Amino acid sequence: MTSSELWTRATADRYDAEEAEASSAAFLGPTLAFLAELAGDGRALEFAIGTGRVGVPLRERGVPVVGIELSEHMAAVLRHKVDERTLPVTIGDMATTVVPGEFTLVYLVYNTITNLLTQDEQVECFRNAARHLEPGGRFVIELGVPPLRFLPPGQVAVPFDVSDQHLGFDTFDLVEQILVSHHFTRDADDGRYRRDNSRHRYAWPAELDLMARIAGLELERRVADWDGTPFTQDSAKHISVWRKPT
C-alpha cells in the first residue's frame, strides 16, 4: 500500500456523473488521438485507470488497454462498462504493481501522480513505468503546474472553481509540497453542500524530468495540452512524454 488515499464506494458511484463533461467525446477527442498515436500497434497500460474515463474509449479505438487501479470501488464501476477479458484491470498501486508483458505506452492522466504523497513513491512510479515499457516505448503524464504564482505573501489558499454548483480551492504546505483540494458541491435535490477534500503532492516539470532520468527515461516532448499547444511559462498544465531508449 502506498500513501495514496483510497477512493470510497460513494465517491466511485458519483465520479462519472461529476466528471461528465470531462468524459464527453468532444473533451476526450484530442486525448485519445494523442495516446493512440503513441501506442501505435502496441498495447497501452494506464496507471490509476479509475472508472475507465480514458481507458474504455481508448480501447474502443482499437488500442489494447490494461489497467492498474488502487480502489476496488472505482474498478467495479469500470467493470460495469467492459469485461475483464476486453480490458484487464489489476488492483494495486501504480508505484509497485507489476502486470505481465511489455507495452509501447504507459500513461497517467488527470493529475493522478499527485495521489502519491511522497517524492520517493513518485520516483518509484516512474521506475514502474519504465519496467513495463518495451525499448522505444513512452510514458505520458498529464499534470497541472503548481499555481504558486497566485499566492500573495502570507496566503496559503487558491480558488480554482467558483460556480453555482461547486466551490473549490487548494491550500498549500510549501515545505512538504502538499496541497489539499477542498470541494463544496451542491446537491441537486435539496441544495445542501457536500464537503470533500483530498491530499496531493505537487511536483514541477523539472522535478519530473529528474525522476524520469533516475528511471532511465528521456524527455521527448512537453506540450501545454493534448492538442499540442506549445508549453510556456504561462501554461497551467503540461502533457509530458518520456521515452525509454532502445
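Predicted model: local features only at pLDDT ≥ 70, side-chain atom pairs only at ≥ 80, totals over all residues.
**The four-strand sheet**

Now turn to the strands. An open sheet of 4 strands runs in the order β6-β7-β8-β9, and its pairing is antiparallel. Which strands form the edges? They are β6 (157-162) and β9, and each pairs on one side only. From one strand to the next, the twist averages 15°. Strands of a sheet pair through backbone hydrogen bonds, either parallel or antiparallel.

Two of the pairings can be followed residue by residue. Strand β7 (residues 166-173) pairs with β8 over 8 bridges, in the antiparallel sense. Here phenylalanine 172 has leucine 179 in β8 as its bridge partner. On to the next pair: β8 (residues 178-186) and β9 (residues 193-201) are antiparallel and joined by 9 bridges. Serine 181 stands opposite serine 198 in β9. The hairpin of β8 and β9 has 6 residues between the strands. In this hairpin, glycine 191 takes a positive phi near 80°.

Alanine 48 is not a glycine, yet its phi is positive, about 55°. Tyrosine 110 is not a glycine either, and its phi is positive at about 60°. Where do they sit? Alanine 48 is in the loop between β1 (44-47) and α3 (55-60). Tyrosine 110 is in the loop between β4 and α5.

**Buried or exposed?**

The loop between β4 (103-108) and α5 (119-132) also holds asparagine 115. Is asparagine 115 buried or exposed? Its relative accessibility is 16%, so asparagine 115 counts as buried. Asparagine 115 is in contact with Ser3, Ser4, Trp7, Met94 and His200, leaving aside neighbours within four places in sequence.

Glutamate 60 lies in helix α3. Glutamate 60 counts as exposed because its relative accessibility is 65%. The C-alpha atoms of glutamate 60 and alanine 10 are separated by 27 Å. Along the chain, these two residues are 50 residues apart.

| Residue | Relative accessibility | Class |
|---|---|---|
| Asparagine 115 | 16% | buried |
| Alanine 48 | 22% | partly exposed |
| Tyrosine 110 | 29% | partly exposed |
| Glutamate 60 | 65% | exposed |

Why does alanine 48 count as partly exposed? Its relative accessible area is 22%, and the partly exposed class lies between under 20% for buried and over 50% for exposed. Tyrosine 110, at 29%, counts as partly exposed too.

Terms used
Residues numbered from 1 in each chain as written. Heavy atoms only, no water. Helix = DSSP H or I, 4+ residues; strand = E, 2+ residues; numbered from the N terminus. Buried < 20%, exposed > 50% of the residue type's maximum accessible area, 1.4 Å probe, protein only. Contact = heavy atoms within 4.5 Å. Pairing = 2+ DSSP bridges. Axes fitted to C-alpha atoms, helices over the stretch in contact; angles between N-to-C directions.
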